[in-house]
Each structure stands twice: as C-alpha cells, then as structure tokens.
Amino acid sequence: MAAIRSKDTKPEMIVRRGLWKRGFRYRLNHKRLPGHPDLVLRKYRTCIFVNGCFWHGHKLTESTVQGSTVQGSGTIMEGSECCKIPKTNREFWVAKIRRNKERDKEELRKLAEMGWHCITVWECELKPSKREETLDSIAFTLNHIWLQDHHTKVVQYPAFDEDNMQMPMAAEGEREWKMENGKWKMEN
Ligand SMILES: [Zn+2]
C-alpha cells in the first residue's frame, strides 16, 4: 500500500487538517504497523487509512460467472462509479486492483488482531459537498471508541427539532428516553 500511496496527497491532508481542527492528535505513516496507516491515534487505538477510490477499488463488485464464458467459471470484476477500470489492458488493471484490495483486507485483519480499530476513509467521501459530514462522522466514531474503551456511560440527549416539538415534554422525569439499536425509544 505504501508504494502506491504517495505522501501528503490531498485527501490525506484533508483528513489530517480536519481531525486536527477537531482536537485530535495523531502520528503519520506509522512504519512499524501493517499497511503503514496514514494516521495513527494511539489514544483511540485507531488507525486511519485514506484510500484513493481507484487504486483501492472502491465499490467494486466481483460477480461469479458460471461455465458459459470462454474462460470457464470464475469471477468478473465490474467497474464502479468510483473505480472505472481502463478498457486498455483491462486484465492488468483488474489483477492489480484485486491484489491491492486483498492486501488492504489482510492488513486490516492484522491490525484488528493487534487490537487496533481501523477506519477507512475514501477519497470520494472527501469531496467538498461531503467533507465536513465525513470528518464529523470520523470524530464521532473516535469518541465512541474512546468511551467504550473507558467503559464510560455514553451520555447522549435526544435531539429534537424545537419547532416541531416532537418530544413529549410532560413525560420528563417519569420515563426516560433511551438509545436502542440506534433509535431513541421511550422507556416503559
Ligand atoms: Zn469512492
């Protein structure tokens, strides 16, 4: 992975600046960890990879082909909106991207075994219209990991739209809202 990811590429800089601005501190291109993660946040036991959609084959699907093709059964890699496989030398690119994907998977597996959380940020999630949302969600994930590690009770208050007043105010003090499977529910 390191060989094909040049240092200080733009998407990586966006993530670095965005997290720094949100108060996170990290180390860069950790050489001793599998895959040389772009950012390593020790306090959060988290490695972050900023992946280019093409090289790392974002959203690619492998479909299984049964018998009828010239080559026989096997899998065919179809391009995606994120990763358009060049028509020229197609086989070469497919093999290359497939290898990259396998290596990525293997590195994530190794890191997980070592007790690291891994976050993969895709280049397409960093385009201007999505950028802030993506960075906020990384920040949220990191805080969540930290809280889990420290067995701290996650204190979250139900968000509600003040104009619509969707939450029954009268229930306050009697029953409580609690988070269940990502949704707010009124406790019985
Ligand atoms: Zn993508």
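Mentor: Helices (H or I, at least four residues) and strands (E, at least two) are DSSP runs, numbered from the N terminus. In this protein they come to 3 helices and 8 strands. The model is predicted; local features need pLDDT of at least 70, side-chain atom pairs count only at pLDDT 80 or more, and totals for chains, interfaces and linings use all residues. Residues are numbered from 1 along each chain as its sequence is written.

Trainee: In what order do the elements of the protein run from the N terminus on?

Mentor: The order is α-β-β-β-β-β-α-β-α-β-β.

Trainee: How is a helix crossing described?

Mentor: Axes are lines fitted to C-alpha atoms, for helices over the stretch in contact, and angles run from 0 to 180 degrees between N-to-C directions. Here the axes of H1 (residues 10-21) and H3 (residues 131-149) come within 10 Å and cross at roughly 60°. Two residues are in contact if their C-beta atoms, placed from the backbone, lie within 7 Å. Ile14, Gly18 and Leu19 of H1 meet Arg131, Leu135, Ile138 and Ala139 of H3.

Trainee: Which residues in the largest nonpolar core touch the most other members?

Mentor: A residue is buried if 20 or more other C-beta atoms lie within 10 Å of its own. A nonpolar core is a set of buried Ala, Val, Leu, Ile, Met, Phe, Trp, Tyr and Cys residues joined through C-beta atoms within 7 Å. Of the 18 residues in the largest one, Val15, Leu39, Leu41, Ile48 and Val121 touch the most other members. Strand E3 (46-51) gives the largest share, 4 residues.

Definitions and conventions: A residue is buried if 20 or more other C-beta atoms lie within 10 Å of its own, exposed if 12 or fewer, and partly exposed in between; C-beta atoms are placed from the backbone.
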